[in-house]
Structures are given as C-alpha cells and as structure tokens.
Amino acid sequence: MCIRDRLKSIQPLANGLQTLTLLNSLTLDFAQCQGLESIDPLETVLQHLTSLNSLKLNFGGCRQLKSIQPLDTGLQTLTLLNSLTLDFNQCEKLESIEPLATGLQTLTLLNSLTLNFEQCERLESIQPLVIGLQTLTSLNSLTLIFYSCPKLESIEPLETILQHLSLTSLKLNFGKCHIQSLATGLQNLTSLISLTLDFQWCEKLESIE
C-alpha cells in the first residue's frame, strides 16, 4: 500500500475511516512501510467503528514501529468482532505485546484469531496473551506465529491460555525461538479437529511435556 519509506503517517486515512460507522469489515495493509513509526491514529478509528465483525491489520515489515499501544483501547470497543488478524511480522523494534492483554479481553464473540509476530527480535514474553485470551470463550480457531523471536525463551503461558479455550483449530509456530521446554496443555483441547505445531530450529529445546 506504500512505497518503501515514503509513508510517514496514516493520519489522513484515519480521518476518513472514522466516519464510516456502519462498516462491517475492514482490511488495512501497510506491509513494508519502513518509514512508518506509529499507528497511533488507529486508536480513534477503531473506537468509532463499533459495527465491525471482521478486522485485518497488516503492518508487517514496518521496521521503525516500536509500539502497538493503540490496540489497547482501540480493540476494546469492537465487541461485535468475530474475526481478527494482526500481522506485525518483521517489526524489529517492537518490544512488547502488552496492549493485547486488555485489548482482547472484551472480544467475547471472537471466533477466529491470528497473531503474527514473526521476526520481532526484541519480544521477550507472550505472558500478556494469558490475560487477553482467557475470556475469549467463543474462540474456535487460534493461530500464533512467533517464528524467529530469539529473545523468547518460554512458552509456559500457553498452558494457562489453552485451559480456558474450546478450540477446534490450533496453529503454533515458535520455530527458531530459544525455548527450552515444551508444555502446551494440549490435553485440554478435546474438541480439536486441526492441529499444526512448528518448533523447527529450536536448538535449546530439551524436553516435551
């Protein structure tokens, strides 16, 4: 949607989007906008689009992006949301997914969730997902991609997350992470129909529980 590092702000687009209050489905693709440093305007946009039931945001390759803070209060108002895809792969300066802890909590009708943080090299923890996901009792399909996040050394929070969900489809990709043990809590997912686990090149992995 942009030409390399020329796009600096999404504010003009945000000004137009927030008036579309009847919008049911929204896809924003800003992949490889390497000059984009902030998604702050999204907060106001999402607070106005309360009719959304499908949302896809792609900011993959936005290498200057340091925070997803607008998703905290921005997502909370989307209580009718059924499908959510967030793609922030190769956002090398992104250090935390903490805003998802509160941002996801109110999405109790959510059926499908995909989170892609591949090659976010500064991410150290998925703990915020424990808080964010445990209330999503309608969730059927969950995809978590954290491939090549070298500072990620533990996925223990996954076990707590999965205890609260009744999934039929689960995809986990933690390849090339420095995790040492694998305990996912899969035994709780008795309704599971489709399962994909990718832990390739986890060179420090010593045990599977």
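User: What is Asn-116 in contact with, leaving aside its neighbours within four places in sequence?

Analyst: Asn-116 is in contact with Leu-86, Asp-87, Phe-88, Asn-89 and Ile-145. Contact means heavy atoms within 4.5 Å. The model is predicted: local features need pLDDT of at least 70, side-chain atom pairs count only at pLDDT 80 or more, and totals for chains, interfaces and linings use all residues. Residues are numbered from 1 along each chain as its sequence is written, and side-chain values use heavy atoms, with hydrogens and water left out.

User: Why is Asn-116 called buried?

Analyst: Its relative accessibility is 10%. Buried means under 20% relative accessible area, exposed over 50%, and partly exposed in between, with a 1.4 Å probe and protein chains only. Asn-116 therefore counts as buried. Its place is in strand S4, residues 112–116. Strands are DSSP runs of E with at least two residues, helices are runs of H or I with at least four, and both are numbered from the N terminus.

User: How many helices and strands does the protein chain have?

Analyst: The protein chain has six helices and nine strands.

User: Why does Gln-90 count as buried?

Analyst: Gln-90 has a relative accessible area of 19%, so it is buried. This residue is found in the loop between strand S3 (83–87) and helix H4 (99–103).

User: What is phi of Gln-90?

Analyst: Gln-90 has a positive phi of about 60 degrees, although it is not a glycine. Trp-201 also has a positive phi, near 60 degrees, and is a residue other than glycine.

User: Is Trp-201 buried or exposed, and what makes it so?

Analyst: The value is 58% relative accessibility, so Trp-201 counts as exposed. Trp-201 lies in the loop between S8 and S9.

User: Why is Gln-200 called partly exposed?

Analyst: Gln-200 has 38% relative accessibility, so it counts as partly exposed. Its place is in the loop between strand S8 (194–198) and strand S9 (207–208).

User: What makes Thr-85 partly exposed?

Analyst: Thr-85 stands at 23% relative accessibility, so it counts as partly exposed. Thr-85 lies in strand S3. Not counting residues up to four places away in sequence, Thr-85 touches Leu-55, Lys-56, Leu-57 and Thr-114. The C-alpha atoms of Thr-85 and Ser-112 are separated by 8.2 Å, and the two residues are 27 apart along the chain.

User: Why is Ser-96 called partly exposed?

Analyst: The relative accessible area of Ser-96 is 34%, so this residue is partly exposed. Its place is in the loop between S3 and H4. Ser-96 touches Ile-68 and Leu-123, not counting residues up to four places away in sequence.

User: Why does Leu-152 count as buried?

Analyst: Leu-152 has 1% relative accessibility, so it counts as buried. Leu-152 lies in the loop between strand S5 (141–145) and helix H6 (157–163). Not counting residues up to four places away in sequence, the residues that Leu-152 touches include Leu-123, Phe-146, Phe-174 and Cys-177. Leu-152 and Cys-177 are 5.8 Å apart, C-alpha to C-alpha, and 25 residues apart in sequence.

User: What makes a set of residues a nonpolar core, and how many residues has the largest one?

Analyst: A nonpolar core is a set of buried Ala, Val, Leu, Ile, Met, Phe, Trp, Tyr and Cys residues joined through side-chain atoms within 4.5 Å. The largest has 65 residues. Phe-117 is one of those with the most contacts inside it. Leaving aside neighbours within four places in sequence, the contacts of Phe-117 include Ile-68, Phe-88, Leu-100 and Phe-146.

User: Why does the radius of gyration of the protein chain agree with a compact globule?

Analyst: A compact globule of 209 residues would have a radius near 17 Å, and the protein chain has 17 Å, so the two agree. The radius is taken over C-alpha atoms, and the globule rule is 2.2 Å times the number of residues to the power 0.38. Buried residues make up 46% of the 209 residues.
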